[in-house]
Amino acid sequence: MRISELSRATGVPVATIKFYLREGLVPEGVRTSPNQAQYDDAHVQRLRLVRALVGVGGLSIAATREVLGHIDEPAQPTLDLLGAAHQAVAPELPDDVDVTPAVALVRRWGWSSCVDPVEGTSGDGIDLGVAGLAVALAALDDAGFVVEPDRMDTYAEAMMRVARAEIDDLPTETPSAAVRYVVLGTVLVEPVLLALRRLAQREASVARFPPAAPHV
């Protein structure tokens, strides 16, 4: 198919496709002339993936390129591979974040792998998840909003259930499949989890505060 047909098939404007091609996010088509190229279903799938990462996932072009690099040329399926996939989609964190409260929490939950080196990992620096939790806790503190320990424990228990279900389903037949699962599961499923939380809050609110019966 020509680039105009590729655009119609994916809903991505031709100008955007050309931009992705220049940035190396989408591979070049097969040249049929100096100004023409042919594209196939692999380009359709790649464009949909890029659009999901940039659009739904909200990743920058640089982060998208790094994510695609992990998918195209994956390392071995170890904890370091999963860490690299998470790092590719992690937000920028301040250098001076105080991780002490976050470390105390994860140690209390027994999540020692988040703060101590594990066999099969490099163990260098602060875990990105711990640093992210530290930033979130600092924001709560700045706002004067207190999340009681038992509530925080409830959050942790719920997230561990989600994580175990996800890791149990992680494909291991190829490194590429594993990285794709982790990266896309992180980028594209997190908005789903947030939407589900809000829906659950609404349902729980109706259960606790049922609407008043209409007057007759």
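Reply: The answers below concern a predicted model, and each sets a value against a cut-off.

Me: What makes the contact between Glu 23 and Arg 65 a salt bridge?

Reply: A nitrogen of Lys or Arg has to lie within 4 Å of a carboxyl oxygen of Asp or Glu, both in side chains. For Glu 23 and Arg 65 the N to O distance is 2.6 Å, so the pair meets the rule.

Me: Why is this pair said to tie together parts of the chain?

Reply: Glu 23 belongs to helix α2 (residues 14-23) and Arg 65 to helix α4 (residues 61-72), so the bridge joins parts that are 42 residues apart in sequence.

Me: Why are Glu 23 and Arg 65 called partly exposed?

Reply: Buried means under 20% relative accessible area and exposed means over 50%, with partly exposed in between. Glu 23 has 27% relative accessibility, so it counts as partly exposed. Arg 65, at 36%, therefore counts as partly exposed too.

Me: How many salt bridges are there by this rule?

Reply: The count comes to 3. One of them joins Asp 153 and Arg 108, whose closest N and O atoms are 2.9 Å apart. This pair links distant parts of the chain, with Asp 153 in helix α8 and Arg 108 in helix α6 (residues 100-108), 45 residues apart. Arg 108 has 44% relative accessibility, so it is partly exposed.

Me: How do you know that Glu 28 and Arg 31 form a salt bridge?

Reply: Their side chains meet at 3.8 Å, N to O. The cut-off is within 4 Å, so the contact counts. Glu 28 has a relative accessible area of 48%, so it is called partly exposed.

Me: How do you know where the buried residues of helix α1 lie around its axis?

Reply: The buried residues of α1 (residues 3-10) are Ile 3, Leu 6, Ser 7 and Thr 10. They cover an arc of only 100° around the axis, so they are on the same side of α1.

Me: Which residue follows α1, and what is its phi?

Reply: Gly 11 follows α1, and its phi is positive, near 75°.

Definitions and conventions. Residues numbered from 1 in each chain as written. Predicted model: local features only at pLDDT ≥ 70, side-chain atom pairs only at ≥ 80, totals over all residues. Heavy atoms only, no water. Buried < 20%, exposed > 50% of the residue type's maximum accessible area, 1.4 Å probe, protein only. Helix = DSSP H or I, 4+ residues; strand = E, 2+ residues; numbered from the N terminus. Arc of directions from axis to C-beta.
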